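Here is a short briefing to read alongside the model.

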Amino acid sequence: MKDWNELNELRNTYRQMITMRLDDEVIEGQQYEKEILICAGTGCISSKSGEFVNALKEELAKNELTNKVNIVKTGCFGLCAQGPIVIIYPEAVFYHQV
């Protein structure tokens with residue numbers, strides 16, 4: 001980025017996705033109904049979160065939900081001993097040791 005205007009453009013571009021994670025309201029034109037955040041930090045990867053992501057993608061495809069559910073690999077949530085960590089939005093449901 002070269003200036004604040006470029007940063008503001010990025011913020012506006014991703015605002016809809018970010019707002020989904022903060023609010024329970026459905027945003028007009030929202031692409032996904034749900035987002036599933038899965039930790040891809042070192043601790044969770046060693047607890048096989050990568051295998052969970054692959055299995056989840058397969059199940060979503062089998063049930064024709066790939067256009068409704070977005071899978072997002074995240075950084076560490078700081079609870080490595082409890083991994084893999086999964087959070088589902090917009091409900092903000094938290095799962096550990098998945």
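**Strand pairing and the sheet**

Strand β3 (residues 86-89) pairs with β1 in the antiparallel sense, over four bridges. Two strands count as paired if DSSP finds at least two bridges between them. Helices (H or I, at least four residues) and strands (E, at least two) are DSSP runs, numbered from the N terminus. Please keep in mind that this is a predicted model: local features need pLDDT of at least 70, side-chain atom pairs count only at pLDDT 80 or more, and totals for chains, interfaces and linings use all residues. Residues are numbered from 1 along each chain as its sequence is written, and side-chain values use heavy atoms, with hydrogens and water left out.

**Overall layout**

- The protein has three helices and four strands, and from the N terminus on its elements run α-β-α-α-β-β-β.
- Of the 98 residues in the protein, 27% are buried; buried means under 20% relative accessible area, exposed over 50%, and partly exposed in between (1.4 Å probe, protein chains only).
- The accessible surface comes to about 7000 Å², and carbon and sulfur atoms hold 51% of that; areas come from the Shrake-Rupley method with a 1.4 Å probe, and for residues only the protein chains shown count as cover.
- Taking contacts between residues at least 6 apart in sequence, 56% join residues at least 24 apart, where contact means heavy atoms within 4.5 Å.

**The sheet, strand by strand**

- The four strands form an open sheet in the order β2-β1-β3-β4, with mixed pairing.
- Its edge strands are β2 and β4 (93-95), each pairing on one side only.
- On average, neighbouring strands of this sheet are turned by 20 degrees against each other, direction ignored; the axes are lines fitted to C-alpha atoms, for helices over the stretch in contact, and angles run from 0 to 180 degrees between N-to-C directions.
- Strands of a sheet pair through backbone hydrogen bonds, either parallel or antiparallel.
- Strand β1 (residues 34-39) and β2 run parallel and are joined by six bridges, with I36 having I71 in β2 as its bridge partner.
- On the β3 side, I38 stands opposite V86.
- β3 and β4 pair in the antiparallel sense over three bridges, and I87 has F94 in β4 as its bridge partner.
- These two strands, β3 and β4, form a hairpin with three residues between them, and A92 in the turn has a positive phi of about 60 degrees.
- Strand β2 (residues 69-74) is mostly covered, with five of its six residues buried.

**Nonpolar cores**

- The largest nonpolar core has eight residues: I36, I38, V53, L56, L60, V69, I71 and V86. Such a core is a set of buried Ala, Val, Leu, Ile, Met, Phe, Trp, Tyr and Cys residues joined through side-chain atoms within 4.5 Å.
- Two or more residues of this core come from each of β1, α3 (49-62) and β2, and α3 gives the largest share, three residues.
- A second, separate core of seven residues includes L37, C39, V72 and Y89.
- In a regular strand the side chains alternate between the two faces of the sheet.
- Leaving aside neighbours within four places in sequence, I36 is in contact with L56, V69, N70, I71, V72, V86, I87 and I88.

**Individual residues worth a click**

- E35 is found in strand β1 and is buried, with a relative accessible area of 2%.
- The side chain of E35 makes a polar contact with the side chain of N70 (2.9 Å); a polar contact is a pair of N or O atoms within 3.5 Å, where within protein one must be able to donate a hydrogen and the other to accept it, and residues adjacent in sequence count only if both atoms are side-chain atoms.
- S49 lies in helix α3 and is buried, at a relative accessible area of 1%.
- Not counting residues up to four places away in sequence, S49 touches I38, C39, A40, C44 and P84.
- L65 sits in the loop between α3 and β2 and counts as partly exposed, at 30% relative accessibility.
- The C-alpha atoms of L65 and K34 are separated by 10.0 Å, and these residues are 31 apart along the chain.
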